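Subject: Structure for your files

Hello,

Here is the structure I said I would pass on. My notes follow below it.

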There are 2 protein chains.
Amino acid sequence: MGKNLTSREEDYSKWYNELVTKADLAENSGVRGCMVIKPYGYAIWEKMQAQLDKMFKETGHKNAYFPLFIPKSYFSKEASHVDGFAKECAVVTHYRLKNAEDGSGIVVDETAKLEEELIVRPTSETIIWDTYRKWIQSYRDLPLLINQWANVVRWEMRTRLFLRTSEFLWQEGHTAHETKAEAIEEAEKMMNVYANFAESFMAIPVIKGTKTASERFAGALETYCIEALMQDGKALQAGTSHFLGQNFAKAFDVKFANKEGKQDYVWATSWGVSTRLMGALIMTHSDDNGLVLPPKLAPEQVVIVPIYRNEEQKNAIAEVANQIKTLLNKNNISVNFDNRDTYKPGWKFNEYELKGVPIRLVIGPNDLEKKTVELSRRDTLAKQTIPLDHVLDVIQKTLDSIQKNLYERALNYRNNHITLVDTYADFKNLLETKGGFLSAHWDGTPETEERIKEETKATIRCVPIDNTLESGICIYSGKPSTQRVLFAKAY
Amino acid sequence: MGKNLTSREEDYSKWYNELVTKADLAENSGVRGCMVIKPYGYAIWEKMQAQLDKMFKETGHKNAYFPLFIPKSYFSKEASHVDGFAKECAVVTHYRLKNAEDGSGIVVDETAKLEEELIVRPTSETIIWDTYRKWIQSYRDLPLLINQWANVVRWEMRTRLFLRTSEFLWQEGHTAHETKAEAIEEAEKMMNVYANFAESFMAIPVIKGTKTASERFAGALETYCIEALMQDGKALQAGTSHFLGQNFAKAFDVKFANKEGKQDYVWATSWGVSTRLMGALIMTHSDDNGLVLPPKLAPEQVVIVPIYRNEEQKNAIAEVANQIKTLLNKNNISVNFDNRDTYKPGWKFNEYELKGVPIRLVIGPNDLEKKTVELSRRDTLAKQTIPLDHVLDVIQKTLDSIQKNLYERALNYRNNHITLVDTYADFKNLLETKGGFLSAHWDGTPETEERIKEETKATIRCVPIDNTLESGICIYSGKPSTQRVLFAKAY
């Protein structure tokens with residue numbers, strides 16, 4: 001196809017890296033581990049943001065903004081949180097540079113050393129709970145339902161665009177409640193919001209579940225998650241929602257007077273999704289020709305490419321194309337009419353396939369005569385010639401059909417990759433040959449979980465919500481088990 | 001009024017600080033110089049963002065995202081830029097913390113020292129131009145019109161909420177062009193976009209102009225600005241747009257092949273507005289009762305407060321209120337029906353005045369009988385009783401009228417505070433007694449500018465666009481001058 005894209009079969013990882021850069025989604029920057037999100041990639045992220053933001057607001061949340069920097073001492077206040085987050089992070093130690101005395105350039109001014117180092121936020125629980133202490137006095141101040149859109153930094157040694165970068169963009173919700181039950185309800189609600197978003201907008205089927213103790217967020221009593229499956233059989237955690245109990249309230253002394261006037265610590269949740277979702281989107285739907293985007297998140301849903309041999313044809317086609325564009329725009333369908341002379345039609349076909357535009361319309365001299373247009377859909381690459389009269393109707397139906405088809409295709413793949421396994425030998429074998437989720441009995445101990453991880457690199461992705469209880473025998477230890485859990489290798 | 005708000009006359013600065021916190025706009029955080037933007041303040045910022053973003057996209061710009069960190073060496077590449085920006089900044093020197101050996105807590109891991117320090121971006125020209133080198137090869141890649149919404153950090157010793165904080169939120173546009181003329185046109189266009197936004201949405205009249213050489217952005221050949229006037233007679237720079245010439249292209253070696261195949265350096269602009277605009281909004285319109293918001297930026301345009309003595313009245317009023325709310329919502333007017341039992345009507349009146357909600361509707365038992373509602377407008381505090389039948393029409397007209405009135409009130413004040421001055425004695429006197437913009441002749445030298453600043457704290461805010469040329473005598477040096485410029489004390 002002239003795209004020089006490595007095929008998925010040849011090298012999935014290489015295919016991904018090439019696709020991300022060639023489709024103009026993101027690239028590595030001059031700063032180790034930090035990416036540049038290019039305009040086309042950012043436009044997809046903006047669509048995801050807008051939809052999520054709407055869903056957060058519909059569930060009663062408001063946005064706010066908290067500081068980028070967190071004093072080092074804040075991290076030490078919540079015992080398990082510090083181990084999870086305060087280690088691999090960017091540390092600000094000075095607040096001034098100066099000209100070197102030897103004229104060699106600028107150097108750190110050692111006289112401008114901070115008394116206490118500042119950590120660039122890896123997540124904001126500590127600074128936010130330090131603030132909530134001032135905001136919460138009484139039950140009338142609860143629930144406090146706040147979200148933040150922000151950048152965060154977690155120092156990473158091995159980075160991959162979108163999937164693992166030192167700086168990434170995300171949203172983090174932080175809520176405070178009167179009761180334990182309300183906080184749990186909130187954490188579950190947000191897991192459901194994420195699942196709904198993933199399935200209805202990203203066309204990615206997800207499994208809702210809870211994490212095991214060792215995979216939990218540092219400081220949480222329960223971590224809810226949505227797990228997706230990529231085309232190479234590896235799982236990807238697409239969003240998490242944490243029930244934090246009273247841990248942060250106690251660490252930051254956040255109490256409220258309840259209706260009876262008694263003081264109590266508030267109950268907390270936090271939940272987040274990040275630009276990592278871009279990785280999930282790419283790896284769920286795209287193919288060897290490039291990106292495949294669900295219509296609901298495509299910055300351009302339709303591209304019109306004209307084919308002409310002379311100025312007269314060009315003008316006549318432009319007239320038709322502009323009419324189509326106006327009609328589609330009126331019906332909230334985004335359209336790019338690419339009538340640049342500087343690129344040939346073949347180049348454009350390649351380009352928009354690479355960029356995953358859901359529908360391509362081609363108009364040539366024959367179409368003018370016959371009052372038709374050629375429609376190709378990106379998901380199946382199928383072409384059809386349609387009468388101009390029906391263009392709106394066909395396009396609306398085709399966009400719906402693509403959205404649905406992508407979801408179903410991914411669902412079929414995912415469902416075909418959940419395998420019940422009853423022996424450790426099968427487990428190891430299937431992990432290498434088929435991949436996907438392996439549903440297996442586990443004795444419930446972190447020791448077994450850790451050994452399986454060490455020996456196979458598979459982790460327990462989740463205990464599915466509403467899991468069926470059934471007695472069985474742990475595939476590793478042979479000890480009794482009460483339920484199957486989902487293992488997989490994961491991003 | 002029970003708000004305990006210091007009056008503007010008593011202490012303008014104290015009034016501002018109190019208002020920002022009491023109206024729940026922002027507060028200081030536990031991190032020196034960094035603010036927390038509270039949900040109500042952030043909701044206003046979101047409305048500003050949404051409108052600006054729309055205007056940027058309508059003028060052909062796309063959003064992208066560049067790294068938070070900038071390698072120290074990047075700053076040294078553009079000679080004047082380094083002096084302006086690489087000094088007071090947050091410096092990341094390490095990437096890991098560890099448990100102290102003596103068990104005293106966590107400390108910086110000295111073995112995890114960065115080879116090259118990273119600067120938390122104070123502005124992104126350097127990292128962006130380092131990226132543009134890879135994106136621009138030919139005239140076909142131009143113009144490159146990109147904007148970024150981001151947080152930036154400039155270490156400040158004395159901070160004030162919104163006006164001067166170490167971390168702030170902003171947008172920064174960075175564009176690349178084939179010709180000098182195009183880049184200048186872009187810089188001027190964005191100044192006009194800012195002016196249009198300030199006047200049409202924020203209801204703040206601004207003066208468009210250019211900065212003198214010493215007030216220019218570090219690295220710019222020309223800085224365009226919009227200057228607003230606050231109620232205390234001090235000016236506030238509300239936005240800037242820079243023509244950067246080929247400085248950054250040369251520093252980062254960004255060349256393109258023009259239509260003739262010849263290599264040339266590209267021409268650049270950058271432009272930005274920040275959460276500082278929140279300060280301008282507050283100080284332009286608000287009064288001793290609290291915030292006053294232009295309807296176009298108010299998160300809630302109408303609040304409905306019910307007054308009732310019993311459950312029956314409460315329910316009957318709620319029915320009417322909900323009808324009004326539905327009607328207004330349908331017409332894109334945002335409404336908060338505050339029927340909380342936990343607060344009294346008087347408390348609510350105070351609260352919504354403090355928060356600057358443009359229109360308050362009160363419905364009591366009498367109104368039920370007479371099919372009326374009491375409307376108060378926040379800008380004039382005037383009240384009127386209106387028939388329910390006319391509620392939509394009256395509210396639409398009143399919102400328009402408030403938006404217009406705020407602008408005109410501010411324009412009158414501003415116009416009454418541009419004073420022509422011809423002697424340095426008058427200049428100094430007026431600066432202390434009346435404030436505002438002083439239009440005075442200046443000999444054009446940085447030396448005179450600097451001395452006036454040292455002696456009076458007044459700076460040249462701008463040389464207005466389309467300034468009338470007239471010969472005169474510099475108020476300070478007595479040397480010949482070709483035009484008047486605008487001086488003021490400024491935020």
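**Strands around β16 of chain A**

In chain A, Ser241(A) stands opposite Trp271(A), which belongs to β16(A). This is a predicted model, and everything below should be read as such.

The pair sits in a stretch where β13(A) and β16(A) run antiparallel, paired over five bridges. Strand β16 of chain A covers residues 267-274. It also pairs with strand β10 (residues 167-177) of chain A, again in the antiparallel sense, here over eight bridges. Within that pairing, Trp170(A) is found opposite Ser274(A) of β16(A). Strand β16 of chain A is mostly covered, with seven of its eight residues buried.

**Chain A as a whole**

Chain A has 491 residues, of which 47% are buried. Its secondary structure amounts to 14 helices and 26 strands, and its C-alpha trace spans about 80 × 70 × 55 Å along the principal axes. The chain is divided into domain 1 (12-68 + 123-285), domain 2 (302-398) and domain 3 (418-488). Between the C-alpha centres of domain 2 and domain 3 of chain A the distance is 50 Å.

**How the two chains are related**

Chain B is superposed on chain A by a rotation of 180 degrees with 0.0 Å of shift along the axis, at an RMSD of 0.0 Å. The two copies are therefore related as by a two-fold rotation axis. The same surface serves both of them, since 100% of the contact residues of chain B recur in chain A. In chain B, the residue that comes closest to the axis is Val92(B), with its C-alpha at 2.1 Å.

In the interface, 53 residues of chain B are in contact with 53 residues of chain A. On the chain B side, these comprise 32 nonpolar, 10 polar and 11 charged residues. The chains are also joined strand to strand: β5 (residues 91-94) of chain A and β5 (residues 91-94) of chain B run antiparallel and share three bridges. Val91(A) has His94(B) as its bridge partner in β5(B).

**The nonpolar core**

Which residues have the most contacts inside the largest nonpolar core? They are Ala198(A), Ala228(A), Ala238(A), Ala198(B), Ile226(B), Ala228(B) and Ala238(B), in a core of 297 residues. Leaving out residues up to four places away in sequence, Ala198(A) touches Ile204(A), Val206(A), Ile226(A), Ala228(A) and Ala238(A). In soluble globular proteins, nonpolar side chains tend to be buried together.

**A loop in chain A**

Gln231(A) is placed in the loop between β12 (222-229) and β13 (235-245) of chain A. Apart from neighbours within four places in sequence, Gln231(A) is in contact with Arg8(A), Met283(A), Thr284(A) and Tyr413(A). Gln231(A) and Leu486(A) are 255 residues apart in sequence, while their C-alpha atoms are 17 Å apart in space.

**Helix α10 of chain B**

Helix α10 of chain B runs over residues 345-354, and Lys348(B), Glu351(B), Tyr352(B), Glu353(B) and Leu354(B) are buried in it. Among the elements covering these buried residues are α1 (12-22), β17 (302-306) and β19 (359-363) of chain B. Just after α10(B), Gly356(B) has a positive phi of about 75 degrees.

**Backbone points to check by eye**

Most residues other than glycine have a negative phi, and most peptide bonds are trans. The following depart from that pattern.

- The bond from Leu142(A) to Pro143(A) is cis, with omega near -10 degrees; Pro143(A) is in the loop between α5 (125-135) and β9 (144-153) of chain A.
- The bond from Leu142(B) to Pro143(B) is cis as well, with omega near -5 degrees.
- Asp24(B), not a glycine, has a positive phi of about 60 degrees. It lies in the loop between α1 and β1 (26-28) of chain B, and is partly exposed, with 18 other C-beta atoms within 10 Å.
- Ala203(B) has a positive phi near 60 degrees. It is found in the loop between α6 (180-200) and β11 (207-210) of chain B, and is buried, with 27 other C-beta atoms within 10 Å.

Regards

Technical notes: Residues are numbered from 1 along each chain as its sequence is written. Chains are lettered from A and ligands numbered from 1 in the order in which they are written. Domain bounds come from an automatic or database domain assignment. Copies are superposed by least squares on the C-alpha atoms of residues with pLDDT of at least 70 in both. Two residues are in contact if their C-beta atoms, placed from the backbone, lie within 7 Å. A nonpolar core is a set of buried Ala, Val, Leu, Ile, Met, Phe, Trp, Tyr and Cys residues joined through C-beta atoms within 7 Å. A residue is buried if 20 or more other C-beta atoms lie within 10 Å of its own, exposed if 12 or fewer, and partly exposed in between; C-beta atoms are placed from the backbone. Ala, Val, Leu, Ile, Met, Phe, Trp, Tyr, Cys and Pro count as nonpolar, Asp, Glu, Lys and Arg as charged, and the others, Gly among them, as polar. Two strands pair if DSSP finds at least two bridges between them. Helices (H or I, at least four residues) and strands (E, at least two) are DSSP runs, numbered from the N terminus.
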